[in-house]
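Open your viewer and keep the selection panel handy. We will go from stop to stop, picking residues and seeing what sits there.

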Amino acid sequence: MIIIFLGPPGAGKGTQCKVLVERYRMNHLSSGDCLRRERRNNTELGQQAQSYMDKGQLVPDELIVAMMMKEIEKTGVGAGVVLDGFPRTLGQAHELDRLLERAGKNIDAVINLQVDDNELELRITGRRSCSGCGAAYHIVFNTPRQENICDKCGQALVQRSDDTAEIVKNRIATYHKQTAPLVDFYQKKNILKNLEGNAAIEKITANLCRMMDEMITV
Ligand code: AMP
């Protein structure tokens, strides 16, 4: 099963993708995580991507497509895979279609997590993660017992460098301009499924699982 998770930055795609990994044993491929790994390893791609990411802009299609094609081939499309943050432009979507066609595979569903813009900013700027184990926190919705310290491993919490207020505004604007057209693109292919994302996390997860169970039993 191949699923694409679509939605603006801060909608909670990563959180819900974890559910697909844990409950449905799917592989999770996040283009943002892949890029952050490239940056940590100081690769040529990581260096090329840095200036775009730091401004809240999209990394050029040719770089992202090459990286994601390699990642998808490594994971294998035979196993269940959920794509998180890719594709993000119509050009990327067409490239993905070409790759899947060559492999004789189809996208089973595109889950469109919908969240209002004013909610996104609050969600993103409050996000923190553990520098040691990567556990996720939020300064309002999911606080650690001790300020800025991870409950699980005691390491310091950090904020992603592109989660600051001014960069977040750019990321949301970029989403509307370059990624939102994909909603229409996949709607026309009849594979779009809208998931209300303004609700509490548990409610979104319950609705996602219902959606998944329906797809699996069809
Ligand atoms: P994310 O973690 O998905 O919010 O991605 C963080 C940043 O990585 C984005 O703001 C972009 O600069 C870059 N990025 C991630 N995925 C893509 C993509 N599919 N196309 C272009 N840039 C991307």
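Helices (H or I, at least four residues) and strands (E, at least two) are DSSP runs, numbered from the N terminus. This is a predicted model, in which local features need pLDDT of at least 70, side-chain atom pairs count only at pLDDT 80 or more, and totals for chains, interfaces and linings use all residues. Residues are numbered from 1 along each chain as its sequence is written, and side-chain values use heavy atoms, with hydrogens and water left out.

**Stop 1: a loop residue**

Select Asn 42, which you will find in the loop between α2 and α3.

**Stop 2**

Select residues 31–40 for α2 and residues 44–55 for α3; they pack at an angle of about 120 degrees, with axes 8 Å apart. That makes α2 oblique to α3. Axes are lines fitted to C-alpha atoms, for helices over the stretch in contact, and angles run from 0 to 180 degrees between N-to-C directions. Angles under 35 degrees count as roughly parallel, over 145 as roughly antiparallel, 65 to 115 as roughly perpendicular and the rest as oblique.

Which residues of α2 meet α3? Show Leu 35, Arg 36, Glu 38 and Arg 39 in α2, then Leu 45, Gly 46, Ala 49, Gln 50, Met 53 and Asp 54 in α3. Contact means heavy atoms within 4.5 Å. The residues of this contact of α2 with α3 divide into four nonpolar, two polar and four charged. (Ala, Val, Leu, Ile, Met, Phe, Trp, Tyr, Cys and Pro count as nonpolar, Asp, Glu, Lys and Arg as charged, and the others, Gly among them, as polar.)

**Stop 3: the ligand**

Select the ligand and the 16 residues around it; Ser 31, Arg 36, Gln 57, Gly 85 and Arg 88 come nearest. A residue is near a molecule if one of its heavy atoms lies within 4 Å of it.

- A polar side-chain atom of Ser 31 is 2.7 Å from a nitrogen atom of the ligand.
- A polar backbone atom of Gln 57 lies 2.6 Å from an oxygen atom of the ligand.
- An N or O atom in the side chain of Gln 92 is 2.9 Å from a nitrogen atom of the ligand.

**Stop 4: α4 and α5**

Gln 92 belongs to α5 and takes part in its contact with α4. Select residues 61–75 for α4 and residues 90–103 for α5: their axes come within 10 Å and cross at roughly 30 degrees. That makes α4 roughly parallel to α5. From α4, show Asp 61, Ile 64, Val 65, Met 69, Ile 72 and Glu 73; from α5, show Gly 91, Gln 92, Glu 95, Leu 96 and Leu 99. By class, the contact of α4 with α5 has six nonpolar, two polar and three charged residues.

**Stop 5: two backbone details**

Go to Pro 87, in the loop between β3 (81–84) and α5. The peptide bond from Phe 86 to Pro 87 is cis, with omega near -5 degrees. Then move to Asn 148, in the loop between β6 (136–138) and β7 (157–158). Phi of Asn 148 is near 65 degrees, a positive value in a residue other than glycine. Most residues other than glycine have a negative phi, and most peptide bonds are trans.

Note on methods
A polar contact is a pair of N or O atoms within 3.5 Å; within protein, one must be able to donate a hydrogen and the other to accept it, and residues adjacent in sequence count only if both atoms are side-chain atoms.
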